[in-house]
Amino acid sequence: MGRSMRFVSLVLAASLAFAACATAPANEAALQQTASLLVSITQHSEGMSADDINDLSAQLDEQVAASPNDAYVLKLAAQSRRTLSDYSQDRAQRVHLRHTALAELDKAIALSKPSDPPRTVLLNGEGSSVDFSDLASLRADLFHQVQTDR
């Protein structure tokens, strides 16, 4: 099995294992799965092919579709896509990922309120809070990156 297929298989196996033992509501499961994808993307970035990136983006699409109005899921999906875009060697793919991430951040901003409490996800086995304190700066940085892609 090639390196990229092992990577995709690893991500899919982790996804299925998590889904099998998830007893949380759909929103919590989607949030945790999105967080797990973000960790996988950052840890296994070396040698990602365009197909690997497309597969991971499709998995993010599934999580967003499961919770389309969950600002927490949208934020983590956007961060994941932005990270994927940094690994893409294909300009069209990179631009598409960044535009999708920007739309997800915009929707997260529209759906979130300053009073929304942080939600906890497991990242590398440790609890980590997801909040909206950095949404504006994440969006501004990504918007700048999108502008320089043209």
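Ser36 is partly exposed, with a relative accessible area of 25% (buried means under 20% relative accessible area, exposed over 50%, and partly exposed in between, using a 1.4 Å probe and protein chains only). You'll find Ser36 in helix α2, residues 26-43. Its C-alpha sits 8.7 Å from that of Val121, even though Ser36 and Val121 are 85 residues apart in sequence.

Before going on, keep in mind that this is a predicted model, where local features need pLDDT of at least 70, side-chain atom pairs count only at pLDDT 80 or more, and totals for chains, interfaces and linings use all residues. Residues are numbered from 1 along each chain as its sequence is written, and side-chain values use heavy atoms, with hydrogens and water left out.

**The whole chain**

- The protein chain has 6 helices and 2 strands; helices (H or I, at least four residues) and strands (E, at least two) are DSSP runs, numbered from the N terminus.
- Going along the sequence, the pattern reads α-α-α-α-α-β-β-α.
- Of the 150 residues in the protein chain, 41% are buried.
- Take the contacts (heavy atoms within 4.5 Å) in the protein chain with a separation of 6 or more: 72% of them are between residues 24 or more positions apart.

**Helix α3, one side and the other**

- Helix α3 has 17 residues, and from its first C-alpha to its last it reaches 24 Å, close to the 24 Å expected at 1.5 Å a residue (the expected span is 1.5 Å times one less than the number of residues).
- Which residues of α3 are buried? They are Asp52, Ile53, Leu56, Ser57, Gln59, Leu60, Gln63 and Val64.

**How α3 and α4 pack**

- Helix α3 (residues 50-66) packs with helix α4 (residues 71-87) at an angle of about 170°, and their axes are 10 Å apart.
- Here, axes are lines fitted to C-alpha atoms, for helices over the stretch in contact, and angles run from 0 to 180 degrees between N-to-C directions.
- α3 and α4 are therefore roughly antiparallel to each other (angles over 145 degrees count as roughly antiparallel, under 35 as roughly parallel, 65 to 115 as roughly perpendicular and the rest as oblique).
- On the α3 side, the residues that meet α4 are Ile53, Leu56, Ser57, Leu60, Asp61, Gln63 and Val64. Their partners in α4 are Val73, Leu74, Ala77, Ser80, Arg81, Leu84 and Tyr87.
- By class, the contact of α3 with α4 has 9 nonpolar, 3 polar and 2 charged residues; Ala, Val, Leu, Ile, Met, Phe, Trp, Tyr, Cys and Pro count as nonpolar, Asp, Glu, Lys and Arg as charged, and the others, Gly among them, as polar.

**Two residues of α4**

- Leaving aside neighbours within four places in sequence, Ser80 is in contact with Thr34, Leu38, Ile41 and Leu60.
- Asp86 is in helix α4 too, but Asp86 is partly exposed, with a relative accessible area of 42%.
- Asp86 is in contact with Arg98 and Gln145, again leaving aside neighbours within four places in sequence.
- From Asp86 to Leu97 it's 11 residues in sequence and 9.4 Å in space, C-alpha to C-alpha.

**Helix α5**

- The buried residues of α5 include Val95, Leu97, Arg98, Glu104 and Leu105.
- What do the buried residues of α5 pack against? They pack against α3, α4 and α6 (135-149).

- Asn124 lies in the loop between β1 (119-123) and β2 (126-130), and counts as exposed at 57% relative accessibility.
- Phi of Asn124 is near 55°, a positive value in a residue other than glycine. Most residues other than glycine have a negative phi.
- Ser128 is found in strand β2 and counts as partly exposed, at 25% relative accessibility.
- Not counting residues up to four places away in sequence, Ser128 touches Arg119, Thr120, Val121 and Leu123.
- Ser128 and Pro118 are 10 residues apart along the chain, with 9.3 Å between their C-alpha atoms.
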